[in-house]
Amino acid sequence: MRITSGFGSALIAVCIGLAISLVLAALTGASPLLTLRAIWVGSFGTLDSLAVTINNTIPLILTGMAVLVAFKAGLFNIGGEGQLYMGALGAVLVGLYVDLPGILEVPLLLVVGALFGALLAGVAGLLKAYTGAHEVISTIMLNYIAQFFVNYMVTKGPLNKGSYSAQTHPIKPSAHLPVLWNNPVSPVTISVIIAVACVILIHWFLTRTKQGFVLNTVGLNPRMATYAGTNIKGYWLFGMMLAGAFAGLAGAIIVGGVFHKLVANFSTGAGFAGIAVALLAKNKPLGLIPAALLFGALNSANLELQLSAGVPKDVVLIIQAVVILSVAIQAVVAERPEEREVAAVDKVVNK
């Protein structure tokens with residue numbers, strides 16, 4: 001019997017994570033009530049913290065999408081971090097060297113950032129399709145290649161600002177993303193609209209289009225898709241490139257909407273956090289928004305937890321880990337015995 005599904009299981013996971021965090025806070029000598037208050041104040045309790053939470057959430061929605069889309073094609077994209085870096089590189093190149101009106105330059109910055117991320121992910125897709133190289137290994141390796149390459153370009157390469165700084169010159173004002181809410185601490189840009197639009201678009205693509213149906217079929221049963229005449233290699237490549245485009249878009253948004261320049265080691269791990277976001281969303285596009293909001297809120301509350309509640313910063317990481325473990329455990333417990341038997345038989349037949 002299924003314990004719960006969808007939003008309910010995610011809510012249970014969050015409650016378990018918060019409950020364990022209160023126990024850990026008590027063990028460290030902090031007050032559980034102060035811990036709860038710090039989580040609220042640091043994430044949603046003030047206008048400043050709300051703005052920070054929103055800006056933390058946007059890249060997580062997109063990197064979560066990068067994992068989800070690859071999942072739908074039957075692939076595991078762990079390369080979101082490298083794809084995000086390449087997207088940021090593409091965006092800063094547009095912002096520095098292209099001189100267009102803002103109404104043209106901003107879309108170009110976003111498109112080029114997505115393209116750079118897609119091209120990097122496409123390497124893993126090609127290796128998977130034509131050499132059989134596992135995408136987990138190739139995307140992990142490409143993460144390091146992309147990060148080291150971008151950091152070189154920023155610190156010692158042609159994009160370095162000079163004066164011993166590990167950053168580029170600021171991009172042109174015409175490349176800045178328009179601001180929707182001019183919060184003094186963390187301005188919120190049109191990236192909110194872009195992220196939500198991407199979620200709606202992917203949900204529509206996967207549920208209402210022929211190509212989305214085929215992509216799901218390839219992910220669920222590549223043998224059946226092959227017998228039906230589907231070019232699964234092409235869909236593997238397409239799935240990886242589409243996934244990489246979302247991670248690259250996240251990098252472009254960080255450059256165009258947050259830093260307005262490219263800084264070495266700028267990412268705080270949003271590419272890897274996207275894996276957790278996709279898992280919590282249970283691989284459903286519409287679930288990415290609340291899942292990313294949770295992780296964005298926890299990251300925003302981190303400082304408040306340390307300052308006002310005296311809770312170590314690692315507690316936030318523990319909460320996130322417990323939430324993911326709770327979702328995984330629920331998935332195993334909720335799986336019906338007959339489903340396990342069918343999966344085992346299918347595995348034997350496919351061999």
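Is H260 buried, exposed or partly exposed? H260 is partly exposed, with a relative accessible area of 24% (buried means under 20% relative accessible area, exposed over 50%, and partly exposed in between, using a 1.4 Å probe and protein chains only). Here are my notes on the rest.

1. **Ground rules.** This is a predicted model, where local features need pLDDT of at least 70 and side-chain atom pairs count only at pLDDT 80 or more, while totals for chains, interfaces and linings use all residues. Residues are numbered from 1 along each chain as its sequence is written, and side-chain values use heavy atoms, with hydrogens and water left out.

2. H260 sits in the loop between α10 and α11 (270–280); helices here are DSSP runs (H or I, at least four residues), numbered from the N terminus. Its phi is near 60 degrees, a positive value in a residue other than glycine. N283 also has a positive phi, of about 60 degrees, although it is not a glycine. You will find N283 in the loop between α11 and α12 (288–308). For background, most residues other than glycine have a negative phi.

3. **α3 with α7.** Two packed helices are described by the angle between their axes and the distance between the axes. The axes of helix α3 (residues 47–72) and helix α7 (residues 191–208) come within 9 Å and cross at roughly 20 degrees. That makes α3 roughly parallel to α7. Axes are lines fitted to C-alpha atoms, for helices over the stretch in contact, and angles run from 0 to 180 degrees between N-to-C directions. Angles under 35 degrees count as roughly parallel, over 145 as roughly antiparallel, 65 to 115 as roughly perpendicular, and the rest as oblique. The α3 crossing of α7 is left-handed (the near helix is turned anticlockwise from the far one by less than a right angle; clockwise would be right-handed).

4. **Who meets whom there.** On the α3 side, the residues in contact (heavy atoms within 4.5 Å) include I54, I58, I61 and L62. Their partners in α7 include V192, A195, V199 and I202. By class, this contact of α3 with α7 has 13 nonpolar, one polar and one charged residues. Ala, Val, Leu, Ile, Met, Phe, Trp, Tyr, Cys and Pro count as nonpolar, Asp, Glu, Lys and Arg as charged, and the others, Gly among them, as polar.

5. **α4 with α10.** Helix α4 (residues 80–97) and α10 have axes that come within 6 Å and cross at roughly 50 degrees. That makes α4 oblique to α10, and the crossing is right-handed. Among the α4 residues involved are G80, G87, A88 and A91, which meet α10 residues including G244, A247, G248 and G251. The class count for the contact of α4 with α10 is ten nonpolar, six polar and no charged residues.

6. **α4 with α5.** α4 also packs with helix α5 (residues 102–131), at an angle of about 145 degrees and with the axes 7 Å apart. α4 passes α5 in a right-handed crossing. Contributors from α4 include M86, G87, L89 and G90, and those from α5 include L109, V112, G113 and F116. This contact has eleven nonpolar, seven polar and one charged residues.

7. **The cores.** The largest nonpolar core has 94 residues, and those with the most contacts inside it are L109, L110, L262 and L280. A nonpolar core is a set of buried Ala, Val, Leu, Ile, Met, Phe, Trp, Tyr and Cys residues joined through side-chain atoms within 4.5 Å. Helix α10 (residues 232–259) gives the most to this core, with 14 residues. A second, separate core of five residues includes V67, I78, V136 and I275.

8. V92, in helix α4, counts as buried at 0% relative accessibility. Setting aside neighbours within four places in sequence, V92 is in contact with L159, T168, I171, V255, K261 and L262. L288, placed in helix α12, is likewise buried at 0% relative accessibility. Beyond four places in sequence, L288 touches I61, G64, M65, L68, V277, A278 and A281. T139, in helix α6 (residues 135–155), counts as buried at 1% relative accessibility. Again leaving out residues up to four places away, T139 touches F76, N77, I78, G79, A124 and M240.

Definitions and conventions: Helices (H or I, at least four residues) and strands (E, at least two) are DSSP runs, numbered from the N terminus.
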